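I wanted to look up a few things in one structure and write each of them down in plain words.

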Amino acid sequence: MPDGSGLLTVDLGAIAENWKSLRDRHTGMGGGETGAAVKADAYGLGAARVVPALAAAGCRHFFVAHLAEGMAIRPLLGQGQMIAVLNGFRPGEDEDAALTPVLNTPGDIGAWSGTGRDALLHIDTGMARLGLTPAETEALAGDPSPLRGLNLRYLMTHLAAADAPGHPLSAEQAARFAAARARLPAAPSSFANSSGLFLGPDFASDLARPGCAIYGLNPAPGAPNPMRPVIRLAAPVLQVREIPAGTPVGYGATWVAERPSRIATVAAGYADGYLRALSGRATGRHNGQDLPLVGRVSMDLTTFDVTDHPGIAPGAMIELIGPGLSADGLAARAGTIGYEVLTSLGARYRRDYKQAA
Ligand SMILES: *Cc1c(COP(=O)(O)O)cnc(C)c1O
């Protein structure tokens, strides 16, 4: 019997296989190493379990967004494994964790200049988000002395539209990155995210930084997903209710039964990352059969029409994400992307990690 909470199954073997296939793809396009983006608690799947699985698969370069995320995973890794902090941090803040700052501004370069530390330098080639602006890059090319006393491990840039194959911005970014590298002091390059690894050899670099595809999301939207599915999410039925035609279900009475119906109330809601925007737009699954979600998703509960499935009783598990019910597909129905579905997965699920074989 379920304990009343949902069950999130994370397949660490599939994570390792996905990372290896991305590594092989990068090598095959002429690239060097392949790291892993493990920011936001490894896209919601649990960095404490995902990072060791990736390290065991051979990954030696890890990317987090925040200093605290880097501090949290350092004990899981050897000192030889790079943990780069994309949002940067100030000298000393990493104590003895030997994290690697990403320098995003001339001020960052100034702060780290002369420390002798490893660093990545982020050049903005078309996102206007983080990294040196074109003018700042130009100024640094004219006078690279602020980089003295720094071990520039990688020059990096980030693709803005890699998930839209053929978007002209990607080729422009590749050209701007090559031009900037030619003007700056020589250093290895770090370029492609997951989708960039599907754009061809112009996007190979010394260190790729895939994230989403490791976790099973489709890096090449529009084509069949080449990655192995990683998660399954199921939640238990708490009650099954027989209602006559004309009965409204849930907040706002947005759905009214047109026939005598059976409604299963399941223990997952938007507080668990089962997005409210899915209200009336998703299906759950039981024994391979689709169950329409009816009415609003509420904070802790969601209702499914099980009129045609008399076997479903309290305690039955309804699958919310799984084979044929992908996080990408769910995201499309909610008007968002699979990244948001994964990083929204709540803390209330029991988590079952399947070890790599
Ligand atoms: C998140 C992130 C990545 C990984 O991107 P995916 O699209 O998940 O593969 C790589 N580089 C940077 C700078 C990022 O912020």
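**Ground rules**

I am working with a predicted model, in which local features need pLDDT of at least 70, side-chain atom pairs count only at pLDDT 80 or more, and totals for chains, interfaces and linings use all residues. I number residues from 1 along each chain as its sequence is written, and side-chain values use heavy atoms, with hydrogens and water left out.

**Entry 1: the whole chain**

I looked up the overall extent, and the C-alpha trace spans about 80 × 40 × 35 Å along its principal axes. The chain has nine helices and 19 strands. Helices (H or I, at least four residues) and strands (E, at least two) are DSSP runs, numbered from the N terminus. Of the 357 residues in the chain, 51% are buried. Here buried means under 20% relative accessible area, exposed over 50%, and partly exposed in between, with a 1.4 Å probe and protein chains only.

**Entry 2: the ligand**

Where does the ligand sit? I found the ligand in the largest pocket. A pocket is defined on a 1 Å grid over the protein atoms alone, as an open set of points where a 1.4 Å probe fits, with protein on both sides within 12 Å along at least five of seven lines. A molecule sits in a pocket if more than half of its atoms lie within 2 Å of its grid points.

There are 13 residues around the ligand, and Lys39, Tyr43, Ser194, Cys212 and Tyr339 come nearest. To count as near, a residue needs a heavy atom within 4 Å of the molecule.

I then checked polar contacts, which are pairs of N or O atoms within 3.5 Å. A polar side-chain atom of Tyr43 is 2.5 Å from an oxygen atom of the ligand. For Ser194, a polar side-chain atom lies 2.6 Å from a ligand oxygen atom. A side-chain N or O atom of Asn193 is 3.2 Å from an oxygen atom of the ligand. On its own the ligand has 390 Å² of accessible area, and the protein covers 92% of that. These areas come from the Shrake-Rupley method with a 1.4 Å probe.

**Entry 3: two strand pairs**

Two strands pair if DSSP finds at least two bridges between them. Strand β4 (residues 61-64) runs parallel to β5, with four bridges joining them. Phe63 stands opposite Ala84 in β5. From strand β5 (residues 82-85), Met82 and Ala84 point one way, Ile83 and Val85 point the other way, and all are buried.

Strand β11 (residues 231-243) runs antiparallel to β18, again with four bridges. Glu319 in β18 is the bridge partner of Ala234. Four of the five residues of β18 (residues 317-321) are buried.

**Entry 4: single residues**

Most residues other than glycine have a negative phi.

- Asp41 has a phi near 55 degrees and belongs to helix α2 (residues 39-43). Asp41 counts as partly exposed because its relative accessibility is 40%.
- Ala128 also has a phi near 55 degrees, in the loop between β7 (118-122) and α6 (134-142). At a relative accessible area of 72%, Ala128 is exposed.

Is Arg276 buried or partly exposed? Its relative accessibility is 43%, so Arg276 counts as partly exposed. Arg276 is in the loop between β14 (261-266) and β15 (283-286). From Ile231, Arg276 is 45 residues away in sequence and 20 Å away in space, C-alpha to C-alpha.

Note on methods. A polar contact is a pair of N or O atoms within 3.5 Å; within protein, one must be able to donate a hydrogen and the other to accept it, and residues adjacent in sequence count only if both atoms are side-chain atoms. On a 1 Å grid over the protein atoms alone, a cavity is a set of points where a 1.4 Å probe fits but cannot get out, and a pocket is an open set with protein on both sides within 12 Å along at least five of seven lines; lining residues have an atom within 4 Å of a point.
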